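Let's take a walk around this protein and see how some of its pieces sit together. Have the sequence and the 3D view ready.

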Amino acid sequence: MKCRNMLLMKCLSIIPLLFTAFPLWAQGMKPSAFSFESKEAWLWLMLIIAILLLIAAVLLKERVSTLKSSYKKHRTEAYKEKLKEYTQQLSSKQIEQLLQHRHKKSSGKAGNMLLVFFASLFIFLPGSNLVAQSPGKRDASSLLGEGGIIITIILILIPILAGLILLTIKISNAINRQRNKIRLEEAAKLAEYLEALPDEEVNDVLKKRKKALDYSLSHNELSGSEPAEDSRGLLNISQEPGMPIVAIKKKALPRPNIDPALSRLVLWYLGCSAFWLLFGTTIGEYLGIKFVAPDADHVSWLSFGRLRPVHTNSVFWGWASLGMLGLGNYIVPRVSNVKIYSIKLGWYALFLINASVIIGSVCLMAGINNGGGEYREYVWPVMLLFGIGLALSLINYIKTIAGRTTKEIYISNWYMVSAIIFTIVISLTAYIPSWQNGLGETIVQGYYMHQGVGMWFMLFTLGIVYYFLPQQLNKPIYSYSLGILAFWTQILFYTLIGTHHFVFSAIPWWLQTVAIVGSGGMAIPVIAGTTNFLMTFKGAWYKIKDSYTLPFFLVGIIFYFTGSMQGTAEAFRSTNLIWHFTDFTVAHSHLTMYGIISFFLWACIYAVVPRLTGKEAPQITVGAHFWMALIGLLFYTVPLMYGSTLKGLLWLNGKPFMDGVKLMEPYWLWRAIGGTLMWLSHVFFAYNMYKMIKRTNEIDVKSSAIQQLEKDSSFISQPAKSY
């Protein structure tokens with residue numbers, strides 16, 4: 001483990017160099033220098049593949065080295081010290097089993113034959129003659145310049161890479177099997193060692209250790225066992241602990257009383273959402289690189305206009321939506337104190353939503369889209385699949401809530417059910433063609449775009465936070481009334497603000513004013529919600545340093561206030577005149593969708609997955625995920641907001657459009673650096689999900705040794721048999 005952490009730290013130390021080297025190299029490139037028709041592109045492609053294979057080889061080598069050292073160690077005399085260490089680490093239950101076994105007459109030996117496994121991997125890379133075409137001009141006779149040849153090479157590389165990945169997995173599984181064989185042999189030796197322990201050592205060491213392990217506090221050492229009396233009425237003692245909104249569990253490791261089928265469903269939702277986050281932000285990372293290397297490719301499917309909606313829609317409908325619905329499937333039956341209505345409906349919804357994102361992404365890359373409507377680029381048959389998935393989820397939630405055993409409907413259910421209802425309504429409004437003419441389409445676009453963010457993502461996520469934040473703090477929400485106030489005022493004001501994106505347009509002036517007033521009114525739910533969350537922290541701020549979920553919650557709360565109030569500030573005509581049609585809106589959308597929705601979802605996922613699987617994510621990679629995401633977001637948004645303000649003032653002074661493009665060049669470089677940090681944080685998040693979800697078959701040496709002793713004892717106790 002120590003070697004693995006050192007290896008990880010060495011890899012992390014290289015990352016800052018890559019952040020500075022690649023953007024500076026890209027900024028200094030000549031136009032059209034980086035293209036799949038150039039030598040540099042193929043060299044970079046081969047370099048990336050080689051780096052990935054090198055990382056896999058280094059990790060495999062480290063695991064093989066660990067396996068070899070373990071094998072050599074247990075063959076030497078020094079292995080007796082390890083057996084003694086195992087003995088001193090026995091748990092109370094294992095010591096009890098050992099003591100019971102020693103009361104019986106038993107003897108025997110056990111062992112396993114050890115196999116040696118070793119694999120070699122040789123990679124053949126194409127020579128430089130394949131990329132001999134000069135970057136400055138295109139040779140018509142070069143086969144590499146043909147689109148068909150490029151596609152053929154890519155199709156050849158795909159199965160090769162897939163084979164290498166499969167081979168790596170096979171080798172890793174073989175190493176795991178070999179390690180388990182060694183651990184079984186260690187268990188056999190430990191069983192022999194425990195069998196030969198003298199009674200004096202058992203009495204002096206193991207029995208004392210068992211007594212120490214079994215000791216626990218009675219929790220009344222300071223208060224005593226007498227009931228509290230207050231004849232003068234000086235104290236106000238409440239006998240009612242309040243509404244039990246969450247299961248009282250301090251640690252995440254113990255598995256709650258949850259249906260295994262529901263647990264599997266929730267994990268599939270969260271696993272799919274993590275995949276779409278990595279996929280969508282990989283597209284976004286490539287688009288960010290295009291801002292500093294615009295001629296990175298000349299493939300129509302990879303053009304900026306096609307990939308940008310792939311990025312936004314995959315993270316919207318794939319990452320955030322599936323993550324929210326998966327967490328909702330966990331929360332709704334928990335706060336209703338009943339089983340979920342139908343597991344099948346949950347699976348059907350998962351299949352339909354995944355199908356919509358897959359088909360929609362392919363259609364967008366192929367140029368099949370719904371026109372210029374932002375966030376509604378999917379054609380209506382694709383969005384219909386998503387809508388059916390939402391409808392099935394709504395039925396599942398309402399049926400579950402209807403069968404609740406509690407009198408109240410907890411506030412989380414209010415938020416989540418309302419979010420699904422609003423999303424179905426706004427989707428129908430956006431895709432029914434009756435009013436999609438002229439200004440009607442513009443008004444509908446503003447309504448759909450803003451309601452999608454505020455009444456789907458924000459409303460649903462807030463409902464999730466109202467469950468998991470009190471759970472992680474182990475105390476009830478500060479004010480139920482503030483939550484209800486925020487709920488109804490958000491429904492009142494947020495549904496009016498869509499057209500503030502079209503200030504100074506041909507839309508009626510009064511409708512623009514209504515949107516601006518509604519944007520100002522959003523201060524009420526935002527301040528109410530922020531106050532509610534921060535006051536819930538009251539008296540529990542000290543818990544942040546001992547938790548890796550609470551920092552995510554705190555960052556999400558901070559961005560919830562700052563990002564939402566920034567949206568209010570953008571709506572006024574004076575500020576809209578400067579910031580609109582600049583990258584300020586891009587920064588604002590990431591500040592809200594990423595800083596609020598993603599951070600809240602990460603906090604809740606890190607809270608619930610260990611409860612379902614019993615496995616925690618590595619602390620170092622959780623920290624890397626948090627800090628890279630936070631710093632990357634700041635690197636992304638702050639320069640864009642500053643540069644866009646200068647750009648808006650430049651336009652107001654009548655300067656040419658190209659002057660604004662030149663002005664934004666360094667800020668776009670910061671955008672690429674920040675986006676790279678954010679993307680790397682998602683790689684760490686995907687790794688953490690893998691570590692929390694994967695099934696491990698690693699053998700516990702101590703438990704196996706005790707089981708072997710009991711097995712040998714029961715075998716010898718049979719009168720008709722002898723050892």
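## A patch on the surface

V638 is found in helix α19, a helix being a DSSP run of H or I with at least four residues, numbered from the N terminus. Along with W627, I631, L634, F635 and W670, V638 forms a nonpolar patch on the surface. Together they have about 550 Å² of accessible area, worked out by the Shrake-Rupley method with a 1.4 Å probe, where only the protein chains shown count as cover.

Which helix gives the most to the patch? That's α19 (residues 619–652), with 5 residues. To join a patch like this, residues need over 30% relative accessible area and no salt bridge, and nonpolar side chains (Val, Leu, Ile, Met, Phe, Trp, Tyr) are joined within 5 Å. A salt bridge means a side-chain nitrogen of Lys or Arg within 4 Å of a carboxyl oxygen of Asp or Glu.

## Where the model comes from

This is a predicted model: local features need pLDDT of at least 70, side-chain atom pairs count only at pLDDT 80 or more, and totals for chains, interfaces and linings use all residues. Residues are numbered from 1 along each chain as its sequence is written, and side-chain values use heavy atoms, with hydrogens and water left out.

## Helices side by side

Two packed helices are described by the angle between their axes and the distance between the axes. The axes are lines fitted to C-alpha atoms over the stretch in contact, and angles run from 0 to 180 degrees between N-to-C directions.

Take α7 (residues 260–292) and α8 (residues 304–336): their axes come within 8 Å and cross at roughly 160 degrees. The two are therefore roughly antiparallel to each other, the word for angles over 145 degrees. By class, their contact has 24 nonpolar, 10 polar and 2 charged residues. Here Ala, Val, Leu, Ile, Met, Phe, Trp, Tyr, Cys and Pro count as nonpolar, Asp, Glu, Lys and Arg as charged, and the others, Gly among them, as polar.

Helix α15 (residues 523–536) packs with α16 (residues 550–571) at about 165 degrees, with axes 10 Å apart.

Technical notes:
Parallel < 35°, antiparallel > 145°, perpendicular 65-115°, else oblique. Patch = residues over 30% accessible without salt bridge, like charges linked within 9 Å, V, L, I, M, F, W, Y side chains within 5 Å.
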